[in-house]
Amino acid sequence: MKRKVELNRRLTLERRQRISDGAGGFARDWVALGEVWADVQMRSVRVTEVSAGTTALERHRIIVRGAPQGDPQRPMPGQRFVEGSRIYGIESVAEHDSAGLYLLCWTREEVLT
């Protein structure tokens, strides 16, 4: 039995954009595309030791309202969701249900502890 979708967290959807650096080159920065309401569930966590301490790789399943292909509010791999200081990198997106009411986004979050 599927759990009821609860869109109770507000996330900002962002994409990378090339921006002029004023010296003839460019830099990359994140640009907000808008806010979405989401159902965020942690699916797994892996902790590893690194030189700066410990890092945790958390994988989340994030469900948002459906949007047609090409719509700027439809998340895509390579974009990210931001919630305060938390950043969820989007790895894949698919329809959550046969009617396309919701989208399922698999994400990863790296946390240095």
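Residues are numbered from 1 along each chain as its sequence is written, and because the model is predicted, local features need pLDDT of at least 70 and side-chain atom pairs count only at pLDDT 80 or more, while totals for chains, interfaces and linings use all residues. Side-chain values use heavy atoms, with hydrogens and water left out.

The overall arrangement is a closed barrel of six strands in the order S1-S2-S3-S6-S5-S4, with antiparallel pairing. From one strand to the next, the twist averages 45 degrees; axes here are lines fitted to C-alpha atoms, for helices over the stretch in contact, and angles run from 0 to 180 degrees between N-to-C directions. Strands are DSSP runs (E, at least two residues; helices are H or I, at least four), numbered from the N terminus. Two strands pair if DSSP finds at least two bridges between them.

Strand S1 covers residues 9–20 and strand S2 residues 26–50, and the two are joined by 12 bridges in the antiparallel sense. Arg-9 has Ala-38 in S2 as its bridge partner. The two strands form a hairpin with five residues between them, and Gly-22 in that turn has a positive phi of about 80 degrees. S2 also pairs with strand S3 (residues 53–65), again antiparallel and over 12 bridges. This second hairpin passes from S2 to S3 through two residues, and Val-50 stands opposite Gly-53 in S3.

S1 also runs antiparallel to strand S4 (residues 80–83), with three bridges between them; here Glu-14 stands opposite Arg-80. S4 in turn is joined to S5 by four antiparallel bridges, with Tyr-88 in S5 as the bridge partner of Phe-81.

Phe-81 and Tyr-88 also belong to the largest nonpolar core, which has 12 residues: Leu-11, Leu-13, Val-36, Ala-38, Val-40, Ile-62, Val-64, Phe-81, Tyr-88, Ile-90, Leu-103 and Cys-105. Beyond four places in sequence, Leu-11 touches residues including Val-36, Ala-38, Val-40, Ile-62, Phe-81 and Tyr-88, where contact means heavy atoms within 4.5 Å.

Thr-12 is also in strand S1. Thr-12 counts as buried because its relative accessibility is 19%, and buried means under 20% relative accessible area (exposed is over 50%, partly exposed in between; 1.4 Å probe, protein chains only). Leaving aside neighbours within four places in sequence, Thr-12 is in contact with Ala-32, Gly-34, Glu-35, Arg-80, Phe-81 and Val-82.

Conventions:
A nonpolar core is a set of buried Ala, Val, Leu, Ile, Met, Phe, Trp, Tyr and Cys residues joined through side-chain atoms within 4.5 Å.
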